[in-house]
Amino acid sequence: MVETRYGKAINQALHDALAADPSVILFGEDVGEAGGPFKATRGLQEAFGAERVRDTPISEAAIAGMAVGAALSGLKPVAEIMFMDFVTLAMDQLVNQAAKARFMFGGRNSVPMVLRTPHGGGLSAGPQHSQCLEAWLAHIPGLKVVCPATPADAYGLLRAAIDDPDPVVVVENKALYALKGEIDDSPAAVPIGRARIARPGRDATVVTYGAALHTALQAADALAGDGVDVEVIDLRSLQPWDEAAVLASLSRTHRLVVLHEAVEAFGIGAEIAARMADVGFDELDAPIVRVGAPFMPVPFAGALEKAYLPAAADVVAAVRRTLE
Amino acid sequence: MAREPKNDPTDRLLSLYEGMLTIRQAEERLKALFADGEVPGFIHLSIGQEAVPVGISASLGPADTVASNHRGHGHALAKGIDLDGFFAEIMGRDSGLCRGRGGSMHVADVSIGMLGANGIVGAGLPITLGSALAHKTRGTDAVAVAYFGDGALAEGVLHECLNIAALWALPMLFACENNGWSEFSPTDRQMKASLKDLAAAFSIPHVEVDGNDVEAVEAAAAECIAALRRGDGPRVLECRTTRVRGHFEGDRQDYRSPDELAGLAATDPIARCRARLAELGVDANRIDAIAEAIDRRVEQAVANARGAPEPSFAAAAADVYTAAEG
């Protein structure tokens with residue numbers, strides 16, 4: 001095991017994929033010479049050339065569409081959209097083209113493309129550079145969506161996404177790029193669709209993903225001091241999501257909190273809560289509680305954003321509600 | 001249709017004539033099937049525009065790729081899509097090229113380089129751009145053709161694609177079928193600039209041609225595509241053509257003047273080609289035999305589609321994602 005950072009793990013995954021398969025190419029705004037807005041692609045153009053690591057103009061619709069066309073023509077493109085807020089400009093190509101091509105073409109072709117994009121607040125980036133829009137994409141049949149919370153998963157899920165025959169959106173978190181964590185000396189792909197027990201516990205389950213995992217773990221530490229033993233499930237994949245793993249955890253703890261940084265209303269948490277209220281009904285000893293951002297744009301000022309983002313105290317309060 | 005290159009000019013023109021007539025007769029048949037309720041949904045016919053894809057496809061091979069738009073029957077057939085699979089798809093059968101999941105607006109066969117008709121105006125352009133990028137990255141001399149109408153000139157993504165194709169010198173042909181209509185509105189009330197202006201803005205050579213003269217389209221396309229294969233960067237080929245039918249079948253075209261509608265027959269590329277063949281001394285019986293042979297193939301395709309099973313819902317639902325291995 002070696003220690004690395006989340007952003008470095010992404011860089012290593014891209015490096016290893018480019019080295020392993022000549023059909024892998026990268027493109028996006030400033031991913032080449034500048035090394036990416038968050039330095040995730042630093043050094044890759046020097047290593048693999050400007051033909052395979054391309055700087056594009058500021059043209060998100062064309063970036064996403066090029067990925068579809070290149071994927072239909074024998075390549076495995078990995079496109080980057082600089083901030084997740086900008087996927088709004090690429091939605092036709094993601095939703096109407098990438099997601100549907102396999103189905104629309106009678107299952108005779110797939111679209112092996114990856115779209116990397118960072119979401120999340122905490123950097124005072126304001127209302128148009130902080131949103132968590134993954135629920136939109138998870139709602140579209142034909143897209144896969146993953147959201148790594150650790151350096152090891154940032155590597156493993158990205159390798160799995162590049163190997164996947166279908167379009168995968170890899171949602172990174174801007175606040176995590178500098179996060180340190182352990183990774184194998186020879187890391188492998190992490191299968192898409194499988195959750196991970198980030199912390200085992202007996203009294204209540206908190207299901208989460210992305211940067212909110214670390215909020216959940218803080219809350220679990222705080223509750224442990226009061227003798228409450230919380231199990232934390234890191235979903236890792238949002239579409240498909242690991243329903244069996246969540247149900248198994250619920251069957252052990254009988255209490256469920258779903259946490260995400262995205263707006264709570266109509267979110268990923270609503271889907272998980274609805275499914276568990278159905279298939280897990282007999283296991284529940286308390287109502288399922290959701291914790292997410294309030295129904296408002298992400299604010300800019302530090303004090304406002306701090307109040308906006310779900311905090312460990314919110315998770316502690318939610319777990320306590322399930323124990324009442 | 002995948003015609004073999006013909007050296008004799010008469011044989012060559014006969015081949016182009018056959019290509020156009022195949023599209024015309026297939027669409028006339030679809031028109032009747034639609035009126036009889038055998039084709040569900042929306043269909044957009046390209047009657048009057050056949051010379052464009054046939055003239056362009058004469059310079060394309062199996063490794064070349066095309067992406068199309070909602071008026072895509074001609075583009076697909078000219079690229080060589082299977083006639084049985086074509087009819088079965090549009091009639092919603094399991095034997096359709098897309099197993100009845102896409103219909104008229106999504107006919108596709110990626111195995112022959114047909115990357116799909118498309119229901120979103122302009123959406124085929126960045127897909128073609130990516131395909132051209134793949135050809136260049138893989139070091140082949142294949143080219144990618146985007147068919148689009150003048151209505152797509154107002155879509156922002158066209159402007160993005162013109163820029164990137166020019167910037168990276170991609171082997172992409174922007175093939176515009178300019179029929180003067182953006183759905184139900186005249187394009188000159190929707191676009192201030194011309195495609196020629198746009199091409200110039202991105203330093204892309206622009207060629208304008210009478211899109212109802214199949215020989216002229218063939219010659220202009222051959223030059224453009226040769227330039228793409230040499231690595232000279234993208235080309236814009238603007239074909240002035242004529243939309244005879246409405247935006248979609250069932251559109252009564254009340255917004256077009258009776259004079260305009262009455263004059264459409266004079267522009268017919270197939271009648272013009274036939275007259276040219278007569279000038280070259282081709283026997284009328286030989287020309288008529290082409291129509292009869294196409295008619296038999298079309299009727300066989302319709303009969304095959306009628307006899308084919310309905311698509312399986314379970315199979316459709318299982319094809320949203322690639323099945324896991326093992």
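Start with both chains on screen: chain B and chain A bury about 3200 Å² between them, and 63% of it is on carbon and sulfur atoms. Buried area is the accessible area (1.4 Å probe) that two parts lose on being put together, summed over both. Now select Trp168(B), Tyr321(B) and Thr322(B). In chain B these lose the most area to chain A, together 20% of what that side buries.

This is a predicted model: local features need pLDDT of at least 70, side-chain atom pairs count only at pLDDT 80 or more, and totals for chains, interfaces and linings use all residues. Residues are numbered from 1 along each chain as its sequence is written, chains are lettered from A and ligands numbered from 1 in the order in which they are written, and side-chain values use heavy atoms, with hydrogens and water left out.

**Stop 1: between the chains**

Select the residues in contact (heavy atoms within 4.5 Å). Chain B gives 37 residues and chain A gives 41 residues.

How many salt bridges does the rule find across the interface of chain B and chain A? There are two. A salt bridge is a side-chain nitrogen of Lys or Arg within 4 Å of a carboxyl oxygen of Asp or Glu. Pick Arg108(A) and Asp109(B). They form a salt bridge, with the closest N and O atoms 2.9 Å apart.

Next, look for polar contacts. The rule finds 14 residue pairs across the interface of chain B and chain A, both residues at pLDDT 80 or more. A polar contact is a pair of N or O atoms within 3.5 Å; within protein, one must be able to donate a hydrogen and the other to accept it, and residues adjacent in sequence count only if both atoms are side-chain atoms.

Colour α5 (124-137) and α6 (156-167) of chain B. These are the elements that give two or more residues to the side of chain B that touches chain A. α5(B) gives the most, with nine residues. Helices (H or I, at least four residues) and strands (E, at least two) are DSSP runs, numbered from the N terminus.

Colour that side of chain B by residue type. It divides into 20 nonpolar, ten polar and seven charged residues. Here Ala, Val, Leu, Ile, Met, Phe, Trp, Tyr, Cys and Pro count as nonpolar, Asp, Glu, Lys and Arg as charged, and the others, Gly among them, as polar.

**Stop 2: inside chain A**

The domain assignment of chain A gives domain 1 (2-183) and domain 2 (196-323). Such bounds come from an automatic or database domain assignment. The domain centres, taken over C-alpha atoms, are 26 Å apart. The contact takes 27 residues from domain 1 of chain A and 24 residues from domain 2 of chain A.

About 1900 Å² is buried between these two domains, and carbon and sulfur atoms give 59%. Select Ser124(A), Cys147(A) and Ala149(A). In domain 1 of chain A, they lose the most area to domain 2, together 23% of what that side buries.

Two salt bridges cross this domain interface. Now zoom to Asp153(A) and Arg236(A), a salt bridge whose closest N and O atoms are 3.1 Å apart.

**Stop 3: one more pair**

Select Lys76(A) and Asp21(A). This salt bridge has its closest N and O atoms 3.2 Å apart. Lys76(A) lies in strand β4 (residues 76-80) and Asp21(A) in the loop between α1 (6-20) and β2 (24-28) of chain A, so the pair ties together parts that are 55 residues apart in sequence.
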